[in-house]
Amino acid sequence: MTDLGHVLVLAGGLSPERDVSLRSGHRVCDALRENGVDAITVDADSALIPAILADPPDAVFPAIHGVSGEDGAVRAVLGLLDVPFVGAIASACRFAFDKPDAKTLAVAAGLRTPESITLPRETFHDLGAAAVLERIVARLGLPLFVKPSRGGSALGAGPVRTAAELPAAMVGCFAYGDTALIERYVTGTEVAVGVIDLGDGPQALPAVEIVPDGGVYDYAARYTAGRTEFYTPARISAAAAKAAADTAVTAHTSLGLRDISRTDLIVDEADTVFFLEVNVAPGMTETSTLPMALAAAGHGFGTICHDLLVQAVQRGD
Amino acid sequence: MRKIGGPSLTGHVGSETSVCAYERLRDGRRESYQPEENVVRTDPQQPHGSRIDLYVDRYADRARSMIASEIRALFAVAARPEIVSFAGGSPNVAALPLDVIGNMASQLIAGHGSVALQYCPAHGDPGLREKICEVMALEGVHAHPDDVVVTVGSQQALDLITRIFINPGDVVLAEAPSYVGALGAFAAYQAEVLHVPMDASGLIPEALDGAIARLAAAGQRAKFLYTVPNFHNPAGVTLAADRRRRILDICSAAGLLVVEDNPYGLLGFEGEPMRALCADDPDGVVYLGSFSKTFASGVRVGWAVAPPAVRDKLVLAAESAVLCQSNLAQLLVREYLCTQPWREQIKIFRELYQQRRDAMIDSLEALMPAGCQWRRPGGGFYVWMRLPAGLDAKAMLPRAVSSRVAYVPGTGFYADGQGAQHMRLSYCLPEPDRIREGVRRLAGVIEAEIDLRDTFGSGGMHGTVGVDTPGPEVP
C-alpha cells in the first residue's frame with residue numbers, strides 16, 4: 001500500500017443529509033483504516049480550520065452531502081488552505097449541485113434529459129400559484145416529478161400524478177429549498193452509474209438498477225435496508241448499458257468533475273437514457289449504490305478510497 | 001469478486017460467468033470496462049436483486065415501522081450547537097454539584113464495590129425503595145417499600161406494564177396528545193391506542209366516560225388508561241384537583257386500571273405538589289416515577305408502585321428483561337438521597353426551569369405571528385403550541401432546521417395521525433438568551449410558512465413514514 005500520511009474524512013455538515021453523511025464518512029474512514037491509513041472523521045464546523053492548521057493532513061476525503069458539501073463551499077475553503085482533496089473542485093460543484101444548471105450543461109454535451117421548468121417560490125407568490133401551475137401542467141403534462149433545485153436523498157422530492165396533488169408537492173418541495181425543478185416524469189428503469197477516474201480518464205462502473213418497494217425511491221427507501229431491491233448490473237439491454245455508461249462519463253467530463261461521481265438516470269422502454277442529475281459526493285452508506293458498483297467491478301472499497309487520496313496528493317492542488 | 005447481499009442473489013451478481021470483464025486494479029494496471037460485452041439482458045437466471053438486509057422477510061410485524069425517517073434525520077442536525085433546539089427533553093444535569101457526586105461515586109465503588117458491581121434482586125435495592133417512598137410522600141403517597149419495583153428508568157416500567165397487560169390488538173386509552181415514549185412502548189406490543197381529549201385542566205372526565213362507553217358499545221374494553229397528570233409531556237397541562245377523584249371514579253366503575261406516569265410532579269413553579277392519583281386509589285393505580293428530572297437522566301433509575309399481584313409480575317418481567325437493574329446506579333441514587341440535600345437541588349432545578357419558561361413565554365408573546373396559540377405551563381419542560389390554520393408543523397421542520405431552530409412536530413405524540421397543526425417546544429436546556437433567539441428564528445419560519453400557505457393553499461408532507469420524534473440524546 002502506498003504510504004499515505006494523515007488524512008481527514010469530512011463528514012456531517014448541517015444539511016438535512018447530515019445523518020447520511022456521517023454514515024458515509026464513517027464507512028470511508030473505517031475502510032481506510034482497515035487498509036492501514038491514518039484516517040479520522042471530522043465535521044465541517046468551527047473546529048475544522050484550526051485542526052487543519054495545527055496538523056495539516058496529506059489529503060481530505062469530502063463525504064459531506066447536500067449544501068456546503070456538494071455545492072463547493074467547503075472545498076473552496078480547503079483550496080484556501082492548500083489542502084489536496086478528492087473530488088470535483090468548488091466551481092464545478094456549483095454547477096453540478098444545481099440540478100437545472102447540470103441539466104443545461106448535459107444537454108449542451110448532447111445528453112437527453114426530461115423536459116422541465118425551474119421556478120423560485122417568489123414566482124408562484126407574485127404571479128399566482130394556480131395560474132402558474134396550470135400552465136406547467138398544460139406544457140409538461142402529467143405525471144410530473146418535483147424536486148428542490150439543490151438537494152439530495154430525495155428530500156422534498158416526489159412524483160405528482162394529478163394536478164390536485166401539485167400544490168402540496170410544491171409546499172413539500174419548498175420546505176427544502178427556495179427553487180423548484182418540475183420535470184416531466186419519465187417511466188422506465190431507474191439506474192445509478194458511478195464513475196471513477198484513477199488517472200486514465202473517467203471510467204463508468206457497472207450500472208445499478210434501483211427498484212424501491214412502493215415505486216418511489218424516497219428517503220425511507222434509500223436508507224432503510226430491505227426496502228429497495230438493487231440489481232448490479234442493471235437489467236437493461238447491452239445497448240442501453242453502453243448508453244448509460246457513456247452518459248455518466250459525458251456528464252462527469254462536461255461538468256468538469258474529478259475523481260469520483262455518480263450519475264442518476266432513467267432508461268425508458270425505448271432504451272433511451274435520460275440524464276437526471278449527477279452527484280459529486282456520492283453516498284457511501286451500506287445501502288448506497290456506488291459501493292455496490294465498486295464491489296461488482298471487483299474493487300476493494302478501501303483500496304479505491306486510498307487510491308483516490310493518493311491521486312489527490314500527487315496532484316498537489 | 002466480493003458478492004453483495006445474501007442468499008437471494010443466487011450467485012449471479014458479480015459472478016465471472018454472467019458478466020463481462022470489469023475494471024480491475026492490479027498492481028496499478030487497469031483493464032478498461034467494456035460494457036458492450038455485458039450479457040445481462042433480461043436474465044432469467046437473475047430473478048432477485050439484493051435488498052442489502054438479509055433478514056428482510058423475517059422481521060416480526062412489530063418491526064414494520066422501524067424505518068429510516070426524514071424527520072429523524074433532521075433531528076441529527078438539531079443536535080448541533082449552531083441550531084437552537086427546542087426539540088429535546090434533556091434535563092439540565094450541568095446544574096448538579098458534579099464534584100460532590102463524583103466523590104460519592106468513587107467512594108461507593110472503592111468502599112462497596114463488591115456489592116455495587118454485582119448482580120442484585122430484580123425487585124430493586126431495599127434501601128433505595130425506602131428512600132423512594134420518602135420522595136413519593138411529598139405527593140401524598142404512602143406506599144410500602146415492598147410495593148415499589150425499581151426499573152431502568154420509568155421507560156422500563158412503562159414497557160413492563162405494557163408487557164404484562166397487553167396482547168396484540170388490546171386497547172389502551174391515552175390522552176390526546178400523549179407521551180411519545182409511551183406510544184412507542186404501546187406500539188412495541190401492538191396495542192391499539194385510543195386518544196381522549198384534554199383541555200387547560202387536563203384529561204376531560206366526560207370525554208373519558210364517552211370513550212369507555214363507545215368501546216363498550218363495540219363490545220370492547222380497554223386494558224388501562226395511561227395518564228401524565230402533572231405538567232404533561234407534551235401538552236404542559238396539569239389535571240385539576242377537582243377532576244382527579246372524578247377520573248378515578250370513572251375508571252373504578254369501568255374496572256379500568258390507571259397507569260399514572262409522573263416524572264415532573266416535583267417540578268411545579270408555584271405552590272405545593274399535587275396529590276398523586278395513586279394516593280387516593282392504591283389498588284386501582286400503578287404509579288410510575290423517575291429520578292431523571294429530579295436527579296439525573298443518565299443513571300437510568302425509575303420505579304413502579306403497584307398492588308402486590310401486579311408488583312410480583314413486574315418483578316418477574318423485569319428479571320426476564322434485564323436480569324436486574326444496575327446495582328451501581330441504584331446505590332448511587334440511594335447514597336445521593338441519603339447524604340445530599342436533594343430537596344434543595346430540586347428547588348434549584350425548579351428556579352432554573354422557571355426562568356427558562358418565562359423567557360420562552362415572554363418571547364412567544366412578543367414575537368409569534370397572529371394565529372399561534374399556546375398555554376403557559378405551570379411547571380415541567382414544555383410549551384405546546386398550535387400553529388395558524390393550514391400550517392403543518394412536520395412539513396415546516398426542514399425549513400426551521402435550515403433557519404437554525406428545531407422543535408418536535410405534534411404528529412409524533414399521536415398514534416392516529418393527528419397533531420400536524422401542533423408543535424412541542426421544550427425550554428429546559430437553552431440559556432434564556434438562546435431561547436429568545438430561537439423564538440425569533442421560529443417566528444420568521446412561521447411567517448414564511450404562512451406566506452407559502454397563502455401562495456399554494458395548505459400542504460402536507462407527502463408519503464413520509466417512520467419515527468417523528470428525536471432520540472433522547474437530542475438536546
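Gly300(A) is partly exposed, with 16 other C-beta atoms within 10 Å; with C-beta atoms placed from the backbone, a residue is termed buried if 20 or more other C-beta atoms lie within 10 Å of its own, exposed if 12 or fewer, and partly exposed in between. The structure is a predicted model, in which local features need pLDDT of at least 70 and side-chain atom pairs count only at pLDDT 80 or more, while totals for chains, interfaces and linings use all residues. Residues are numbered from 1 along each chain as its sequence is written, and chains are lettered from A, with ligands numbered from 1, in the order in which they are written.

Gly300(A) belongs to the loop between α11 (289-296) and α12 (301-315) of chain A. Helices (H or I, at least four residues) and strands (E, at least two) are DSSP runs, numbered from the N terminus. A distance of 32 Å separates the C-alpha atoms of Gly300(A) and Leu80(A), which are 220 residues apart along the chain.

Helix α12(A) lies across β1 and β3 of chain A and runs at about 130° to β3(A). Contact requires C-beta atoms, placed from the backbone, within 7 Å; axes are lines fitted to C-alpha atoms, for helices over the stretch in contact, and angles run from 0 to 180 degrees between N-to-C directions. An open sheet of 3 strands in chain A has the order β2-β1-β3, with parallel pairing; two strands pair if DSSP finds at least two bridges between them. Strands β2 (38-42) and β3 (59-62) of chain A each have a single partner and stand at the edges, so one side of each is without a neighbour in the sheet. On average, neighbouring strands of this sheet are turned by 25° against each other, direction ignored. Strand β1 (residues 6-10) of chain A pairs with β3(A) in the parallel sense over 4 bridges, and Leu10(A) has Pro62(A) of β3(A) as its bridge partner.

Helix α10 (residues 238-254) of chain A has 17 residues and should span 24 Å at 1.5 Å a residue, which agrees with the 24 Å between its end C-alpha atoms; the expected span is 1.5 Å times one less than the number of residues. Buried residues of α10(A) include Ala244(A), Thr247(A), Ala248(A) and His252(A). The buried residues of this helix pack against α5 (99-108), β8 (188-196), β9 (203-204), β12 (260-268) and β13 (273-279) of chain A. Just after α10(A), Gly256(A) has a positive phi of about 70°.

Methods:
Contact = placed C-beta atoms within 7 Å.
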